[in-house]
Amino acid sequence: MKCPNCGNELKEGHLICEICGYEIQIVPDFEPEIENSITETLSTLAAMQEGEDTQPSLDEESIEEAAENEERTGGNRKTWVITSLIIIFAIVLLSYGTYAYHIQTVDYQINKAKEYAANEKYDEAIACLKEAYIKHPDEAQLLFLEADYYYLQQDNSSALTQLMKIIEDGSFPYEDVEEAYDKVITIYANQGQYAQINELLRNCTDSRIVNIFQSYMAMEPEFSYVEGTYAEVIPLKLSSNTSGTIYYTMDGTKPDTNSMVYTAPLFLETGEYTVSAFFVNDYGIESEIVSKKYVINLSVPNAPEVKLYSGEYTEPTMIEVEGAEGCKIYYTTDESEPSADSVPYTGPIPMPLGKTLFKFINISEEGVSSEVTMRTYTLSLRDAISTEGAVSGLVNQLVEKEYLQDAAGHNKRLSGTLSYQFSSVLRIGENDYYTINEYYDDGTGMLSRTDKVFLVQVHTGQAAQLGYDEDGNFMAVPI
């Protein structure tokens, strides 16, 4: 087809000249039903005319009378013919007007476009939709179909352009806007363009849509405490809007993917901190970096006071520790640094056999830790039986007392077996004892401690059970 204005050869399906901009007005094919309606009307009028012209033959007298009648009715016939022609023209005009209106409706253009698309004539289908959209710019379905046909032609750019018209227009219903976002995000996701999805959603002002597609977003991490000055230890929590990884630093430096990974609350104690963090979602999209400053002003408690000095000891000795007011004492014996997760100090501790390093700290109610107090003790008992011998002798005595059925630890009241392990050295009165704990094995290999603690005199090997007198002091109870 050539442009009637400048003669330029138009591309197939194009209705606007690329050279002069002239818009081509396509005259649609006349519909058969309209043509049939007009034909029937004309036939009816012709038949009526023919009926009047075909009258029976008359004699001479009748001819004169007919001539007189013809003279009288001649004017009426002319009037009738003119009226008939006007009626015919009105019917034709009305029929064409009805047809012209019909082909301009949205449904007609959509159906026409679908017919073209069914035959893979996408350019013609798109041309129908564009023509309809000029007259009906509020019909989102036209843009959706046009985007679909562009997408089928792998023209993603044009498809996105049509969909963004729905998103950016501001007048379409929410349901249409949500569908447009869904289609745009699907196109971006299929191309792996997750950064564009993140930017699209960050510019979206409708929280409902943002919530639906937030898994694609990488929002800045949220901090559980606002920045400022605190008089307590704060457990700072960092959170993200969806699954992914938070990277952070605490010294004001810029974090990257090689920085520390956030997995648990950050306990900020006395000092100044600049916590910087950013989030990376499962699609590899990084958020902006957010930083907050915290100043923690807390008094550090004094270190625990241990009355017993480090040294070598030859007899059982209790280790007593005194903490600061409002603090709890915790300690370790495995050379690790003590914390609130370590063993709490609840009373004097029996000195272990051999060499042991104790580390004690005070932790205040605000969670502030003191300096560590360390003591090293070496306990060696003279002329004492070995701890292995004490345990073996205890088992033999329990068999003799019929508490156990055999040395394997069977007990007639229990389905499992009992076993015994050395714990510590304890002085009761003037005698020194090994304390030995009892454990129960139900057959699964898992040991559970019972409430019984046995004593073995370190020099004689005599067994007893640990008990308490009326004042709550330790005592050896014979078995």
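How many residues does helix 7 have, and how far does helix 7 reach from its first C-alpha to its last? In this predicted model, helix 7 spans residues 174-190 and has 17 residues. The distance from the first C-alpha to the last is 24 Å. That is close to the 24 Å expected at 1.5 Å a residue.

The buried residues of helix 7 are Val-177, Ala-180, Tyr-181, Val-184, Ile-185, Ile-187, Tyr-188 and Ala-189. An α-helix has 3.6 residues a turn, so residues three or four places apart point the same way. Gly-192 follows helix 7. The phi of Gly-192 is positive, near 70°.

A helix pair was examined next. Helix 3 (residues 106-118) packs with helix 4 (residues 122-135) at an angle of about 170°. Their axes lie 7 Å apart. This angle makes helix 3 roughly antiparallel to helix 4, because angles over 145 degrees fall in that class. Helix 3 contributes Gln-109, Lys-112, Ala-113, Tyr-116 and Ala-117 to the contact. From helix 4, these residues meet Tyr-122, Glu-124, Ala-125, Cys-128, Leu-129, Glu-131 and Ala-132. By class, the contact has eight nonpolar, one polar and three charged residues.

The structure holds 17 of them. Tyr-122 and Tyr-149 form a tilted pair, with 6.0 Å centre to centre and 35° between the planes. Tyr-122 is in helix 4 and Tyr-149 is in helix 5. The two residues are 27 residues apart, and the pair links distant parts of the chain. Both Tyr-122 and Tyr-149 are buried. Tyr-122 also belongs to the contact of helix 4 with helix 3.

Tyr-216 and Tyr-283 form a stacked pair. Their ring centres are 5.0 Å apart, with 15° between the planes. Tyr-216 lies in the loop between helix 9 and strand 1 (222-223). Tyr-283 lies in the loop between strand 8 (271-281) and strand 9 (290-296). The pair therefore ties together parts that are 67 residues apart in sequence. At 18% relative accessibility, Tyr-216 counts as buried. Tyr-283, at 32% relative accessibility, counts as partly exposed. The cut-off for burial is under 20%.

Ring pairs also build a cluster. Tyr-313, Tyr-331, Phe-358, Phe-360 and Tyr-377 are linked in this way.

Terms used
Residues numbered from 1 in each chain as written. Predicted model: local features only at pLDDT ≥ 70, side-chain atom pairs only at ≥ 80, totals over all residues. Heavy atoms only, no water. Axes fitted to C-alpha atoms, helices over the stretch in contact; angles between N-to-C directions. Helix = DSSP H or I, 4+ residues; strand = E, 2+ residues; numbered from the N terminus. Parallel < 35°, antiparallel > 145°, perpendicular 65-115°, else oblique. Contact = heavy atoms within 4.5 Å. Nonpolar A, V, L, I, M, F, W, Y, C, P; charged D, E, K, R; others polar. Expected span 1.5 Å × (residues − 1). Buried < 20%, exposed > 50% of the residue type's maximum accessible area, 1.4 Å probe, protein only. Phe/Tyr/Trp six-rings, centres within 6.5 Å; stacked < 30°, edge-to-face > 60°.
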